[in-house]
Amino acid sequence: MLPIERQDKIKELLNKHHNMKISELSQELGVSEMTIHRDLKPLIDDGAVLKTFGGVSIAGKENDHKPASKDCVFCGRSTNERLAYRLILSNNRTETACCAHCGLLRHRQLGDDVIQAICPDFLRQTTLSAQLAFYVIDTSVEIGCCHPQVLTFERSEDADKFVKGFGGTIYHLAEAMEAIFQKMNGNDRCSSRHH
């Protein structure tokens with residue numbers, strides 16, 4: 001089977017199942033997971049498929065007709081891929097926040113409508129599940145985004161070392177959502193709107 005044929009089959013499978021793991025696609029198409037990753041890259045770049053933690057999902061119908069917005073869904077700031085926090089919603093839409101600060105506030109607003117959230121590891125630039133991340137709030141490092149700043153780490157020892165060097169407090173997801181909300185004085189508006 002040619003790559004273009006596999007890509008068509010991947011889209012067909014995702015239209016049917018909405019979300020699939022890389023291993024499921026590999027088994028279904030009888031090719032290696034590396035081949036699936038290569039086949040997915042152009043589909044992800046085109047916006048037809050969305051990368052999720054551990055797999056992929058079909059892009060929402062509105063994404064098929066227009067490119068995804070480069071602005072934060074929460075504060076309207078331009079999104080930097082290095083900091084972006086993505087929310088995958090139950091209606092198969094994806095929202096992108098400019099950073100974990102806005103991502104946590106939006107995640108808190110949406111509640112159970114969020115089926116998955118992903119964010120980057122600040123040091124390694126790998127993608128991780130927001131549920132498994134360690135959040136460092138109130139560090140002295142300036143990342144040039146919303147305040148109070150929130151940095152995400154995959155490993156607790158990385159977060160610990162970072163806090164020892166640059167200050168801050170480490171939280172898990174639910175604690176981080178509440179801490180940011182409280183630091184914003186119970187306000188769901190981001191301070192970056194005024195910058």
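Modeller: A residue is called buried when its relative accessible area is under 20%, exposed when over 50%, and partly exposed in between, using a 1.4 Å probe and protein chains only. By that criterion, 47% of the 195 residues of the chain are buried. The model is predicted, so that local features need pLDDT of at least 70 and side-chain atom pairs count only at pLDDT 80 or more, while totals for chains, interfaces and linings use all residues. Residues are numbered from 1 along each chain as its sequence is written, and side-chain values use heavy atoms, with hydrogens and water left out.

The chain has seven helices and ten strands (DSSP runs numbered from the N terminus: H or I of at least four residues for helices, E of at least two for strands). Ten salt bridges are present in the structure, each being a side-chain nitrogen of Lys or Arg within 4 Å of a carboxyl oxygen of Asp or Glu.

One of these joins Asp-39 to Arg-6, with 2.4 Å between the closest N and O atoms. This pair connects distant parts of the chain, for Asp-39 belongs to helix α3 (residues 33–45) and Arg-6 to helix α1 (residues 3–17), 33 residues apart. Both ends are buried: Asp-39 has a relative accessibility of 4%, and Arg-6 has one of 10%.

A second pair consists of Arg-124 and Asp-158, whose closest N and O atoms lie 2.8 Å apart. Here too distant parts of the chain are linked: Arg-124 sits in the loop between β6 (114–120) and β7 (127–129), whereas Asp-158 is in helix α6 (residues 156–166), 34 residues apart. The two partners fall into separate classes of accessibility, since Arg-124 is partly exposed at 38% and Asp-158 is buried at 8%.

Asp-158 also forms a salt bridge with Arg-155, the closest N and O atoms being 3.8 Å apart. Arg-155, at 33% relative accessibility, is partly exposed. Through shared partners, salt bridges join Arg-124, Arg-155, Glu-157 and Asp-158 into one network.

For context elsewhere in the chain, helix α7 (residues 173–183) has Leu-173, Ala-176, Met-177, Ala-179, Ile-180 and Phe-181 buried. Lys-183, also found in this helix, is partly exposed with a relative accessible area of 35%. After α7 comes Asn-185, which has a positive phi near 60 degrees.
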